[in-house]
Amino acid sequence: MAIDRRREAAGGGPGRQPAPAEENGSLPPGDAAASAPLGGRAGLGGGAEIQPLPPLHPGGGPHPSCCSAAAAPSLLLLDYDGSVLPFLGGLGGGYQKTLVLLTWIPALFIGFSQFSDSFLLDQPNFWCRGAGKGTELAGVTTSGRWGDMDNWTSLPTTPFSTAPWEAAGNRSNSSGADGGDTPPLPSPPDKGDNASNCDCHAWDYGIRAGLVQNVVSKWDLVCDNAWKVHIAKFSLLVGLIFGYLITGCIADWVGRRPVLLFSIIFILIFGLTVALSVNVTMFSTLRFFEGFCLAGIILTLYALRIELCPPGKRFMITMVASFVAMAGQFLMPGLAALCRDWQVLQALIICPFLLMLLYWSIFPESLRWLMATQQFESAKRLILHLTQKNCVSPESDIKGVMPELEKELSRRPKKVCIVKVVGTRNLWKNIVVLCVNSLTGYGIHHCFARSMMGHEVKVPLLENFYADYYTTASIALVSCLAMCLVVRFLGRRGGLLLFMILTALASLLQLGLLNLIGKYSQHPDSGMSDSVKDKFSIAFSIVGMFASHAVGSLSVFFCAEITPTVIRCGGLGLVLASAGFGMLTAPIIELHNQKGYFLHHIIFACCTLICIICILLLPESRDQNLPENISNGEHYTRQPLLPHKKGEQPLLLTNAELKDYSGLHDAAATGDTLPEGATANGMKAM
């Protein structure tokens with residue numbers, strides 16, 4: 001066998017017996033010095049001996065007594081889903097159900113904050129005071145504004161504001177040459193007339209979002225100051241991106257609970273101060289910090305929710321939180337109509353976070369994270385607290401979790417930063433693939449929303465703000481319902497692949513087929529009209545928004561499952577930050593008067609094709625235990641997309657077949673090298 005050949009090589013040849021080992025698995029003093037790692041000594045030719053392999057137990061692996069204080073902790077303690085969680089009663093325990101409920105309730109408050117920009121920064125119709133509403137400047141601009149990219153846990157589905165006539169007058173009319181998916185907007189007034197109309201010292205506004213006054217009307221962010229609205233949206237998204245990256249790393253180092261509680265405290269401070277802003281600069285700056293703190297709340301609650309659940313319940317519990325956030329989206333117009341003023345609305349959105357201050361005393365640290373980082377003293381106290389709350393008797397500890405925990409109390413904590421993922425082979429690949437998927441899904445959603453916005457003049461229903469708002473919210477709701485069904489039958493990887501294929505098809509058909517239809521419609525005898533093209537474009541836009549919403553949401557959830565517990569928040573932060581970069585393209589393109597929109601759509605359409613190939617490299621995590629450390633995540637390799645036929649030989653080795661090579665992996669971990677002429681499978685090279 002391969003291990004026998006390695007032993008013979010380590011002993012110097014078949015005729016030489018390996019150094020004897022004591023009964024407890026340790027080496028005699030003399031042999032222990034000879035078997036130290038090679039370090040700076042010469043190779044085999046320099047007389048250095050290879051370290052002998054540890055003795056094997058009947059199961060095929062190294063003897064359990066080889067583990068010293070510096071070795072890995074007991075596998076029983078690292079098997080959280082198989083040992084610790086059943087001992088605590090799983091999700092059937094009353095206290096665990098209470099904790100899950102406590103992660104659902106803030107999702108409603110987060111939903112309010114996610115969609116607040118649609119009301120605070122909505123671009124109203126405006127006209128010079130005293131001139132009368134009939135001379136309004138923005139009256140014929142696109143009143144249905146799609147694609148506001150201020151949603152970061154689910155896909156952006158709220159309306160966004162286009163620039164007023166000053167921006168519309170500068171917009172390029174080359175969309176017909178670029179492609180058929182963006183029909184030209186109504187022709188604005190002559191630029192000279194518009195410049196003279198903007199020469200006004202006081203404005204009257206027609207706000208459509210249920211408010212009497214919002215940020216735009218408060219500081220007259222129209223005409224030459226219209227770009228400040230996009231900067232306000234930009235600052236919030238940048239705050240979210242930095243928040244995801246920084247709070248994710250901190251949560252892996254100091255814990256989920258401290259990050260959650262400090263984020264709550266500071267979002268109360270910055271969020272309430274936003275309502276007291278005296279100018280748009282102060283408003284944008286405070287919105288940056290509000291987004292930073294909100295990212296910490298979203299990130300830690302998402303990780304805590306995943307780490308509380310057994311394998312079979314993780315997806316549905318996460319989807320319930322998404323539905324609660326959508327309830328906040330549907331209730332937001334009523335809340336705005338009730339408040340009437342943007343400052344009152346902002347304060348009312350932030351004040352519910354005061355209830356989360358009680359989490360300091362009722363919400364514990366993640367037990368899974370304590371066990372994974374070897375903080376066994378704190379884990380023991382928390383386990384005793386949970387068993388008391390769930391009325392679990394010590395006799396139910398069939399696998400002996402508590403005795404094993406007592407043996408490991410002297411172990412020092414071992415915390416890991418997300419940068420460690422760079423040295424892995426499979427884990428970094430999985431995270432990068434999901435980052436690209438998230439970036440593509442959230443970024444291309446704006447393209448479909450912008451295409452939908454281009455047809456609102458021809459579709460009277462889309463001219464109403466509330467029709468826009470609830471249409472996009474309904475698309476997101478249907479997308480989440482479809483995710484529940486698809487993931488149940490196809491799994492995480494199969495569902496993500498299906499939705500990405502739908503996104504790619506909708507994008508490519510919208511870019512190619514509609515352009516072809518537009519050319520044929522120019523012929524009188526073609527039988528095609530512009531209405532046929534518009535109907536196809538709207539249909540493809542709806543399908544694209546539906547599928548891209550699922551791609552973005554499923555990528556985030558997928559990352560939470562395949563990233564090890566010790567760096568889960570850091571991995572989630574990377575994927576959510578990638579989503580933020582995708583959403584950031586919307587205000588940037590708006591800021592540049594929609595220039596480069598068609599190229600933007602082309603780039604993301606190409607990314608969907610790349611993502612379809614990369615998704616096949618991902619593992620399937622349905623009904624699998626969460627990986628706890630880097631080693632678990634590294635061995636979380638992909639499985640075939642379709643099951644093997646009976647009698648067919650799989651190309652990849654199974655876990656049972658890999659046991660024959662466990663000795664090789666152990667030798668490699670201690671710095672051992674193969675003898676000359678030997679290969680990884682132990683066969684002699686020819």
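User: Among contacts between residues at least 6 apart in sequence, what share joins residues at least 24 apart?
Analyst: In this predicted model, 80% of those contacts in the chain join residues at least 24 apart in sequence.

User: Let us turn to helix packing. At what angle do H5 and H13 pack?
Analyst: Helix H5, residues 94–114, packs against helix H13, residues 280–308, at an angle of about 150°. Their axes are 10 Å apart.

User: What does that angle say about their relative directions?
Analyst: Angles over 145 degrees count as roughly antiparallel, and H5 and H13 are therefore roughly antiparallel to each other.

User: Is the crossing of H5 and H13 left-handed or right-handed?
Analyst: The crossing of H5 past H13 is left-handed.

User: Which residues meet there?
Analyst: From H5 the contact involves Leu 99, Val 100, Thr 103, Trp 104, Pro 106, Ile 110 and Ser 113. By class, the contact of H5 with H13 comprises ten nonpolar residues, two polar residues and one charged residue.

User: How does H13 cross H14?
Analyst: The axes of H13 and helix H14, which spans residues 314–339, come within 9 Å and cross at roughly 145°. H13 passes H14 in a right-handed crossing.

User: Which residues make that contact?
Analyst: H13 contributes Tyr 302, Arg 305 and Ile 306, while H14 contributes Arg 314, Ile 317, Thr 318 and Ala 321. The contact of H13 with H14 divides into four nonpolar, one polar and two charged residues.

User: What about H11 and H13, how do their axes cross?
Analyst: The axes of H11 and H13 come within 7 Å, crossing at roughly 35°. That crossing is right-handed. The contact of H11 with H13 has 16 nonpolar, nine polar and two charged residues.

User: Which residues does Arg 287 touch, leaving aside neighbours within four places in sequence?
Analyst: Arg 287 is in contact with Ser 116, Asp 117, Leu 120, Ser 235, Leu 236, Val 274 and Gln 346.

User: And where does Lys 228 lie?
Analyst: Lys 228 lies in helix H11, which covers residues 227–254. At 25% relative accessibility, Lys 228 counts as partly exposed. Apart from neighbours within four places in sequence, Lys 228 is in contact with Leu 221 and Val 280.

User: How far is Lys 228 from Val 216?
Analyst: The two are twelve residues apart in sequence, and their C-alpha atoms are 9.1 Å apart in space.

User: Changing topic, how many disulfides are there?
Analyst: A search of the whole structure finds zero disulfides.

User: How accessible are Cys 606 and Cys 447?
Analyst: Cys 606 has a relative accessible area of 42% and is partly exposed, whereas Cys 447 is buried at 0% relative accessibility.

Notes
Residues are numbered from 1 along each chain as its sequence is written. This is a predicted model: local features need pLDDT of at least 70, side-chain atom pairs count only at pLDDT 80 or more; totals for chains, interfaces and linings use all residues. Side-chain values use heavy atoms; hydrogens and water are left out. Axes are lines fitted to C-alpha atoms, for helices over the stretch in contact, and angles run from 0 to 180 degrees between N-to-C directions. Helices (H or I, at least four residues) and strands (E, at least two) are DSSP runs, numbered from the N terminus. Angles under 35 degrees count as roughly parallel, over 145 as roughly antiparallel, 65 to 115 as roughly perpendicular and the rest as oblique. A crossing is left-handed if the near helix is turned anticlockwise from the far one by less than a right angle, and right-handed if clockwise. Contact means heavy atoms within 4.5 Å. Ala, Val, Leu, Ile, Met, Phe, Trp, Tyr, Cys and Pro count as nonpolar, Asp, Glu, Lys and Arg as charged, and the others, Gly among them, as polar. A disulfide is a pair of cysteine sulfur atoms within 2.5 Å. Buried means under 20% relative accessible area, exposed over 50%, partly exposed in between (1.4 Å probe, protein chains only).
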